[in-house]
Amino acid sequence: MCKVTIDGITVQAPEGSTILDAAKLAGVDIPTLCFMKEINEIGSCRVCVVEVEGEDALAAACNTCVFDGMAARTSTPRVIAARRANVETILATHRSECTTCKRSGTCALQVVANGCNATDLERDPDYEFEAWDETFPLQRDATKCIRCMRCVAECAKVQQCAVWEVSGPAAHRGVRVAGGADIASANCALCGQCVTHCPTGALTARDDTSKVLAALADPQVITVVQVAPAIRSAWGEGVGVPREEATQGRMVSALRALGFDRVYDTDFAADLTIMEEANEFIEWVKSEKPRPMFTSCCPGWVRFAKQHYPQFVGQLSTSKSPHEMLGATAKALMSQEAYEQGKRVFVVSVMPCIAKKYEAGVPQLSTEAGPDVDAVLTTREFDRMLRMLNVNCADLPEGDFDDPLGLSTGAGTLFGRTGGVMEAALRSAAFFLTGEKPDFSTCDTTAATPERPWVDKTLDIAGMQLRIAIASGLSNTAVLLDALEAGTASYDFVEIMACPGGCVGGGGQPIAFNQELASERAAVLNALDGADTLRFSHENPDIKALYDRLLGEPLSEKAEELLHTNQAEWDI
């Protein structure tokens with residue numbers, strides 16, 4: 001251990017710790033921009049510089065190791081002057097349009113610049129705007145890039161896709177799509193982790209709020225909105241409502257306040273997904289099909305498989321993702337009503353995900369009623385619309401989802417976190433195989449965490465040994481897939497989610513700089529599941545009614561038409 005003094009506060013820091021680590025032990029905040037622990041520790045922004053006693057040069061706190069007896073000052077006049085000069089250098093080439101930028105209020109550069117009173121700027125007014133496909137779900141504005149390289153590191157080290165690269169000589173270093181390729185051909189999974197880890201507005205999601213507002217204003221349109229499980233764990237973050245007050249009921253009322261005609265719950269469709277996927281798995285495991293069967297709810301994972309591991313695409317569950325199922329079902333149920341009123345049905349999905357924007361546009365995901373889903377809003381866009389329409393969320397009453405696509409179970413709610421799809425599927429699959437409800441501990445998957453490449457367990461159900469595995473984050477996914485390919489791992493059923501921690505940590509969720517909130521949000525979903533009176537998807541009475549009214553039975557011809565797809569045929 002090293003005795004280290006930070007701003008007069010003495011702490012014991014392990015050998016190999018950085019000044020930034022020691023400062024956290026001392027409760028001293030040092031601003032950073034480029035730093036991501038163990039992922040991007042390059043010290044390029046120089047915002048974290050501190051003064052070390054006995055040394056002439058200022059040191060970058062993020063990658064300077066401590067030594068026994070070290071004393072450092074984090075806010076001397078010299079440090080503040082250097083920090084301000086470094087930030088002003090960054091701002092000199094940054095297109096600062098804070099009044100219109102989507103990251104205003106959550107921009108780390110904005111916070112740091114305000115904190116050091118960076119005002120003396122010599123700007124180059126001539127910005128070079130790169131060509132970019134405005135229809136692509138992921139958007140980039142190079143004039144707001146500060147070359148911190150966080151996106152490069154996150155995509156390569158955490159998400160395995162290596163979409164971004166450093167380019168140009170040192171004096172003009174920048175970031176571009178790898179190889180100078182067009183983003184649409186860059187093998188991007190659209191997980192959006194580069195967006196949530198970008199400190200500025202250089203990377204964003206395509207904004208579809210105008211499309212949704214137009215539908216809301218059109219008297220010839222019946223607007224249907226559905227909300228994903230993970231949204232209820234995070235929507236309050238972007239509108240200043242504490243987590244304990246940002247209830248599911250207030251979320252429903254907030255959606256009504258925006259003017260939607262029907263408010264449905266994607267959790268209902270998660271239960272529907274389980275009915276299809278659990279029965280599909282039972283057929284799969286009793287057949288000679290290659291192992292494992294993979295879940296297919298995550299379009300980021302589907303894109304990753306198609307682009308990087310196409311040999312496994314044929315083993316994906318053919319069940320559509322829940323929001324696509326609900327879109328197809330809503331349009332099928334409401335088509336006659338809309339026809340009689342001379343209107344059309346417009347389905348909006350509020351999702352924690354950028355890849356869902358891609359999925360909604362896949363031509364193969366449509367029926368006679370048109371695309372299953374007409375528009376996808378991220379959690380951030382949902383919150384932006386609430387601010388835009390001046391909805392006072394804290395004062396909203398508790399509301400209920402509309403029938404018949406609003407009742408759900410705790411199993412459906414679990415879809416929002418890593419392991420949740422697997423746990424929900426196992427609960428019902430075990431019942432279908434044995435006729436008895438399994439103990440919840442038997443199917444429990446809360447051990448799943450992005451800090452481990454994958455977790456697995458073996459279940460003894462109906463005389464069968466079912467081997468399951470769960471992974472989240474695409475680097476973890478690649479490790480698991482490589483093991484399956486090499487034959488060093490073998491499973492019957494595998495759940496993959498592209499984002500670390502699952503949808504709760506999705507690329508469309510509210511952004512809190514250098515905070516990974518997936519586990520906190522997952523705890524909200526676990527609590528909702530535990531408090532629910534219905535915790536098995538097959539016990540949802542409205543699911544049973546839907547099969548009686550429209551679908552017949554799981555995997556029926558009608559269910560195949562509305563609820564299943566062939567991902568091998570999807571356009572990328």
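This is a predicted model: local features need pLDDT of at least 70, side-chain atom pairs count only at pLDDT 80 or more; totals for chains, interfaces and linings use all residues.

Residues are numbered from 1 along each chain as its sequence is written, and side-chain values use heavy atoms, with hydrogens and water left out.

Four strands form an open sheet in the order β12-β19-β18-β17, and their pairing is mixed; its edge strands, each of which pairs on one side only, are β12 (293-294) and β17. Here helices (H or I, at least four residues) and strands (E, at least two) are DSSP runs numbered from the N terminus, and two strands pair if DSSP finds at least two bridges between them. Between β12 and strand β19 (residues 493-497) the pairing is parallel and rests on two bridges, with F294 standing opposite V494 in β19. Helix α14 (residues 420-434) packs on this sheet and touches β17, β18 and β19, its direction making about 155° with that of β19. Contact means heavy atoms within 4.5 Å, and axes are lines fitted to C-alpha atoms, for helices over the stretch in contact, with angles running from 0 to 180 degrees between N-to-C directions.

Helix α3 (residues 108-115) has A108, L109, Q110, V112 and A113 as its buried residues, where buried means under 20% relative accessible area, exposed over 50% and partly exposed in between (1.4 Å probe, protein chains only). These buried residues of α3 pack against α2 (77-92), and α3 is followed by N117, whose phi is positive, near 55°. In another helix, α12 (residues 379-388), lies R384, which counts as buried because its relative accessibility is 18%. Leaving aside neighbours within four places in sequence, R384 is in contact with K102, D207 and T209.

Of the 22 residues that line the largest cavity, C297, C298, K356, F415 and C503 are the closest to its centre. On a 1 Å grid over the protein atoms alone, a cavity is a set of points where a 1.4 Å probe fits but cannot get out, a pocket is an open set with protein on both sides within 12 Å along at least five of seven lines, and lining residues have an atom within 4 Å of a point. Grid points are joined across faces, edges and corners, and a volume is the space filled by probe spheres set on the points.

The second largest pocket holds about 1100 Å³ of space, and of its 38 lining residues A142, R147, H172, R173 and G174 are the closest to its centre. Both α2 and β8 (174-177) supply at least two residues of this lining.

Finally, D68 lies in the loop between β4 (59-60) and β5 (71-73) and counts as exposed because its relative accessibility is 55%. D68 and Q12, 56 residues apart in sequence, are 9.0 Å apart in space, C-alpha to C-alpha.
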